[in-house]
Amino acid sequence: MRLMEDTRESALREEFRAFFAEHCAPEYADECDARGRFPEELYRAAGQAGLLGACLPAEHGGRGEDATALAILFSEAGRAFPDFANLIVRQHLCATVLERFGSPEQRAELLPRFARGGIHMAFGASERGAGSDVTALATTARRDGGEYVVDGEKLYATGAHVADAVLVFAREPGTSGREGICALVVWSGNPGMRAERLDTLGVRATGTAMVTLTAARVPADARVGGDGEGWRVLRSGLDMERLATAAIATGASRFLLDRTIGYLNERRQFGRPLSGLQAVRHRLADLAMRTDAAELATMAVAHGLATGAPVHLDASVAKLAATETYMAVAHQAVQLEGGHGYTKDSVVQRHYRDAKMYEIGGGASDVQRDIIARGLGL
Ligand SMILES: Cc1cc2nc3c(=O)[nH]c(=O)nc-3n(C[C@H](O)[C@H](O)[C@H](O)COP(=O)(O)OP(=O)(O)OC[C@H]3O[C@@H](n4cnc5c(N)ncnc54)[C@H](O)[C@@H]3O)c2cc1C
């Protein structure tokens with residue numbers, strides 16, 4: 001079951017699928033994952049194609065794509081390489097924040113670079129003591145004349161170890177909760193900032209890092225957003241992030257379903273293809289149904305965002321449905337590919353590891369359930 005796509009949407013899907021087919025074969029993704037190698041060539045090509053800042057309007061050099069187009073982009077990126085897709089989400093997140101809250105100087109300097117992949121910025125919100133409850137962040141930014149002095153530690157900042165800059169969320173000393181939060185662009189050459197890659201189960205190509213800030217001096221004009229706006233800045237891209245995550249997960253689920261069905265049609269045991277066994281067929285039918293439902297929810301959120309409708313609750317529904325479906329599909333893809341699925345020769349084990357990240361990052365599944373329950377008046 002697919003939503004009918006109009007001419008523009010099918011042209012976009014065709015374009016994005018062709019881009020990833022040309023620049024990101026499964027073997028390429030496998031190689032980057034196995035070696036923990038940042039997919040530099042793909043990043044450059046995506047930048048040149050305008051995919052890293054596709055959300056930005058034409059006046060800043062972007063493609064001016066709406067949420068529906070972005071959902072299609074992310075589902076094709078998820079189909080090809082979910083690890084890399086996660087990195088593009090961070091780029092869009094930072095670009096969106098700067099477009100909405102940046103000063104005229106920041107917008108003029110940074111947005112055209114985002115539009116063409118000329119800057120790589122990581123998103124630094126989470127900390128050791130501030131994960132699901134990000135309002136507990138403890139990194140401080142103390143004003144000292146024309147500068148901020150930043151101290152603290154950011155955890156799990158995707159791609160920060162190879163980024164040009166990190167969008168660091170900190171707070172004025174003495175504040176708590178949503179009050180006193182500010183966002184600062186901290187460039188990687190800053191002598192007070194160090195990013196150290198973490199060893200993770202999945203997303204091993206783009207990776208994630210711990211960022212340490214020790215009396216890092218940052219010019220006051222590197223702040224994004226006005227006084228008291230930090231919390232709004234932090235939350236501003238949340239619905240888009242959840243939509244993008246849901247789209248990646250549905251694209252990846254479709255890829256795995258197609259692949260697993262192809263594999264089971266070929267693989268013969270007990271004198272016939274494994275796809276002929278009813279227990280296997282029913283499992284695949286269930287997963288296909290869940291993938292369809294997740295995709296419909298995702299596209300409903302995309303259309304809502306594109307038309308300015310409130311989607312906060314639905315974005316949680318789509319994120320939860322799609323990421324848990326991806327995990328279930330990846331689990332069965334390994335199971336049904338048997339011993340081969342468990343070896344590093346098979347692409348399904350990479351998905352099995354990457355899928356878990358999507359149930360945690362961008363708001364864990366339980367947090368999405370909490371949001372949905374609140375929406376139900378519970
Ligand atoms: C690979 C990866 C990349 C990431 N990239 C970034 C990034 O680029 N920038 C960034 O800022 N952050 C990033 N994150 C951080 C991510 O957003 C957090 O991991 C996530 O918000 C969960 O926070 P936590 O890990 O501290 O888990 P905790 O908040 O400690 O939660 C642990 C578990 O407790 C349960 N739980 C938590 N809250 C509730 C609740 N209210 N109700 C019920 N159960 C609950 C959930 O099962 C949850 O998984 C990344 C994380 C990973 C793993």
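The model is a predicted one, in which local features need pLDDT of at least 70 and side-chain atom pairs count only at pLDDT 80 or more, while totals for chains, interfaces and linings use all residues. Residues are numbered from 1 along each chain as its sequence is written.

Two packed helices are described by the angle between their axes and the distance between the axes. Helices (H or I, at least four residues) and strands (E, at least two) are DSSP runs, numbered from the N terminus, and axes are lines fitted to C-alpha atoms, for helices over the stretch in contact, with angles running from 0 to 180 degrees between N-to-C directions. Helix H5, residues 82–101, packs against helix H6, residues 104–115, at an angle of about 155°, and their axes are 10 Å apart. H5 and H6 are therefore roughly antiparallel to each other, where angles under 35 degrees count as roughly parallel, over 145 as roughly antiparallel, 65 to 115 as roughly perpendicular and the rest as oblique. On the H5 side the contact is made by Gln91, Ala95, Leu98 and Glu99, and on the H6 side by Gln106, Arg107, Leu110, Leu111 and Phe114; two residues are in contact if their C-beta atoms, placed from the backbone, lie within 7 Å.

A second pair is formed by H10 and helix H11 (residues 347–360), whose axes come within 8 Å and cross at roughly 160°. H10 and H11 are therefore also roughly antiparallel to each other. Among the residues that make this contact are Tyr326, Met327 and Ala330 of H10, together with Tyr352 and Ala355 of H11.

In soluble globular proteins, nonpolar side chains tend to be buried together. A nonpolar core is here a set of buried Ala, Val, Leu, Ile, Met, Phe, Trp, Tyr and Cys residues joined through C-beta atoms within 7 Å, and a residue is buried if 20 or more other C-beta atoms lie within 10 Å of its own, exposed if 12 or fewer, and partly exposed in between, with C-beta atoms placed from the backbone. The largest nonpolar core has 112 residues, of which Val166, Leu184, Val186 and Leu243 touch the most other members. Helix H10, residues 312–341, gives the largest share of this core, 12 residues. Leaving out residues up to four places away in sequence, valine 186 touches Val150, Ala165, Val166, Val168, Met193, Ala216, Val218 and Ala222.

Some single residues complete the tour. Glycine 117, in the loop between H6 and strand E1 (121–124), counts as buried, with 20 C-beta neighbours inside 10 Å. Beyond residues up to four places away in sequence, glycine 117 touches Tyr43, Arg44, Ala46, Gly47, Gln48 and Leu52. Arginine 267, found in the loop between helix H8 (238–266) and strand E9 (268–269), is partly exposed, with 14 other C-beta atoms within 10 Å.

Most residues other than glycine have a negative phi.
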